[in-house]
Amino acid sequence: MDCILNVVTQKSQSVNAIITTHGRTSLKENTGFSFVNCKITGTGNAWLGRAWRPFATVVFINTNMSGLVSKEGWNDFSNQSSEKTVFFDEYGCYGEKASHREMVKYSKQLTLDKATPFMNTSYIEGETWLPIHT
């Protein structure tokens, strides 16, 4: 695993945690969160993300989604207009809550071509600030 996202909250029937909260105010901004080869663990009930701003961008790729992920997956932060503009997408996710059947309609399952730009450090311009590992 490249990362483990461990959510620790009280067990509850309602959603009581949010894994990501991203804000982007326009399509011109080149920001977002990309989680690749991760495992989501912990307790409680959590959304993968919520739209803090209208063009929020969060992608989960090849992520093991445990039972704590809410069946809806994502949240529009009580702003239905953002459902048309957010980019809450997944590719190759698996695990207990990876089923897309009950997730909100505005989240998408990406193709490999659409997911590839989010799979390496160039998405976050990592070559300019991440140390080189050999």
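This is a predicted model: local features need pLDDT of at least 70, side-chain atom pairs count only at pLDDT 80 or more; totals for chains, interfaces and linings use all residues.
View 1. Asn45 is buried, at a relative accessible area of 13% (buried means under 20%, exposed over 50%, partly exposed in between, with a 1.4 Å probe and protein chains only). A polar atom of the Asn45 side chain lies 3.5 Å from the backbone nitrogen of Ser70. For reference, a polar contact is a pair of N or O atoms within 3.5 Å; within protein, one must be able to donate a hydrogen and the other to accept it, and residues adjacent in sequence count only if both atoms are side-chain atoms.

**View 2. The four-stranded sheet.** Follow the order β3-β6-β9-β10 to trace this open sheet, in which the pairing is parallel. Its edge strands, each pairing on one side only, are β3 (33–36) and β10 (108–109). Two strands pair if DSSP finds at least two bridges between them; β3 and β6 (residues 57–61) run parallel and are joined by four. Look for Ser34 opposite Val59 in β6.

**View 3. The three-stranded sheet.** Here the open sheet has the order β1-β4-β7, again with parallel pairing. β1 (3–7) and β7 (64–65) are the edge strands, each pairing on one side only. Five bridges link β1 and β4 in the parallel sense, and Cys3 stands opposite Cys38 in β4.

**View 4. The largest pocket.** About 300 Å³ of space lies in this pocket. Of its 14 lining residues, Ser34, Phe35, Val36, Met119 and Thr121 are the closest to its centre. β3 supplies the largest share of the lining, three residues. By type, the lining divides into nine nonpolar residues, four polar and one charged. A pocket is found on a 1 Å grid over the protein atoms alone, as an open set of points where a 1.4 Å probe fits, with protein on both sides within 12 Å along at least five of seven lines; lining residues have an atom within 4 Å of a point. The volume is the space filled by probe spheres set on the points.

**View 5. The largest nonpolar core.** Among the 23 residues of this core, Ile40, Leu48, Phe60, Met65, Trp74 and Phe88 touch the most other members. β1, β4, β5 and β6 each supply at least two residues, and β5 gives the most, with three. Such a core is a set of buried Ala, Val, Leu, Ile, Met, Phe, Trp, Tyr and Cys residues joined through side-chain atoms within 4.5 Å.

**View 6. Two loop residues with positive phi.** Most residues other than glycine have a negative phi. Asn37, in the loop between β3 and β4, has a positive phi near 55° and is partly exposed at 30% relative accessibility. Ser78, in the loop between β8 (74–75) and β9 (87–91), has a positive phi of about 60° and is exposed, with a relative accessible area of 78%.

Methods:
Residues are numbered from 1 along each chain as its sequence is written. Side-chain values use heavy atoms; hydrogens and water are left out. Ala, Val, Leu, Ile, Met, Phe, Trp, Tyr, Cys and Pro count as nonpolar, Asp, Glu, Lys and Arg as charged, and the others, Gly among them, as polar.
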